[in-house]
Amino acid sequence: MNGDKETEILQFVRDELSANSLGIDDSLTSGDSMTVFEDVFAMMERFSERYGVDCSSIDWLKYYPPVGIPFLPNFLLPAKLKTDRTPPDPLTVRMLIESERAGRWLYD
C-alpha cells in the first residue's frame, strides 16, 4: 500500500474523531487515544462508505466489551449488567488501512 493512502486514512480518522495527535498504531479502545464507542461506530460507518470497505463483520464486543458497573462485584449485579472485565482488543488506524486494501474488515 502506498504511503499516500495511509496518510489519507490516518488524516480521515484524525478529522472524524478530532484526534490530531493520533498515530497509526494508537488504540482507539484504550490508552491515551481511547474514544467512546458511539464516535468510533459513526466514524467506521463513514469510513466504510468512503473507502468501500465492508465492515459488517466487526465484532464490536471485542473492542468495546460491556463494562457493567465497575465498582460493584459481579455477584451483586443482575445478569445483563455483569461483565468478565475483559480488556478491549486494540482498534488501530493500521487495521483500517489494511482492511481498506482488502475491501473488507480483516480482524474478526
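Contact here means heavy atoms within 4.5 Å. Keep that in mind for the tour of this predicted model.

**Stop 1: the whole protein**

The protein has 4 helices and 0 strands. From the N terminus on, the elements run α-α-α-α. Along its principal axes, the C-alpha trace spans about 50 × 30 × 20 Å.

**Stop 2: helix 1 and helix 2**

Select residues 3–17 for helix 1, then residues 37–51 for helix 2. Two packed helices are described by the angle between their axes and the distance between the axes. Here the axes come within 10 Å and cross at roughly 140 degrees. The crossing of helix 1 past helix 2 is right-handed.

Now show side chains. Which residues of helix 1 meet helix 2? They are K5, E8, I9, F12, V13, E16 and L17. On the helix 2 side, pick D39, V40, M43, R46, F47, R50 and Y51. Colour the residues of this contact by type: 8 are nonpolar, 6 are charged and none is polar.

**Stop 3: a ring pair in helix 2**

Stay on helix 2 and select F37 and F41. These residues are 4 apart in the helix, so about one helical turn separates them. A search of the whole structure finds 9 aromatic pairs. In the pair of F37 and F41, the ring centres are 5.5 Å apart and the planes are at 35 degrees, so the pair is tilted.

**Stop 4: the largest pocket**

Switch to a surface view. The largest pocket has a volume of about 190 Å³. To find the pocket, select its lining: T29, M34, Y63, Y64, P65, P66, V67, T83, R85, T86, P87 and P88. What does the lining divide into? There are 8 nonpolar residues, 3 polar and 1 charged.

Notes. Residues are numbered from 1 along each chain as its sequence is written. This is a predicted model: local features need pLDDT of at least 70, side-chain atom pairs count only at pLDDT 80 or more; totals for chains, interfaces and linings use all residues. Side-chain values use heavy atoms; hydrogens and water are left out. Axes are lines fitted to C-alpha atoms, for helices over the stretch in contact, and angles run from 0 to 180 degrees between N-to-C directions. Helices (H or I, at least four residues) and strands (E, at least two) are DSSP runs, numbered from the N terminus. A crossing is left-handed if the near helix is turned anticlockwise from the far one by less than a right angle, and right-handed if clockwise. Ala, Val, Leu, Ile, Met, Phe, Trp, Tyr, Cys and Pro count as nonpolar, Asp, Glu, Lys and Arg as charged, and the others, Gly among them, as polar. On a 1 Å grid over the protein atoms alone, a cavity is a set of points where a 1.4 Å probe fits but cannot get out, and a pocket is an open set with protein on both sides within 12 Å along at least five of seven lines; lining residues have an atom within 4 Å of a point. Grid points are joined across faces, edges and corners, and a volume is the space filled by probe spheres set on the points. Rings of Phe, Tyr and Trp (its six-membered ring) pair if their centres lie within 6.5 Å; planes under 30 degrees apart count as stacked, over 60 as edge-to-face and the rest as tilted.
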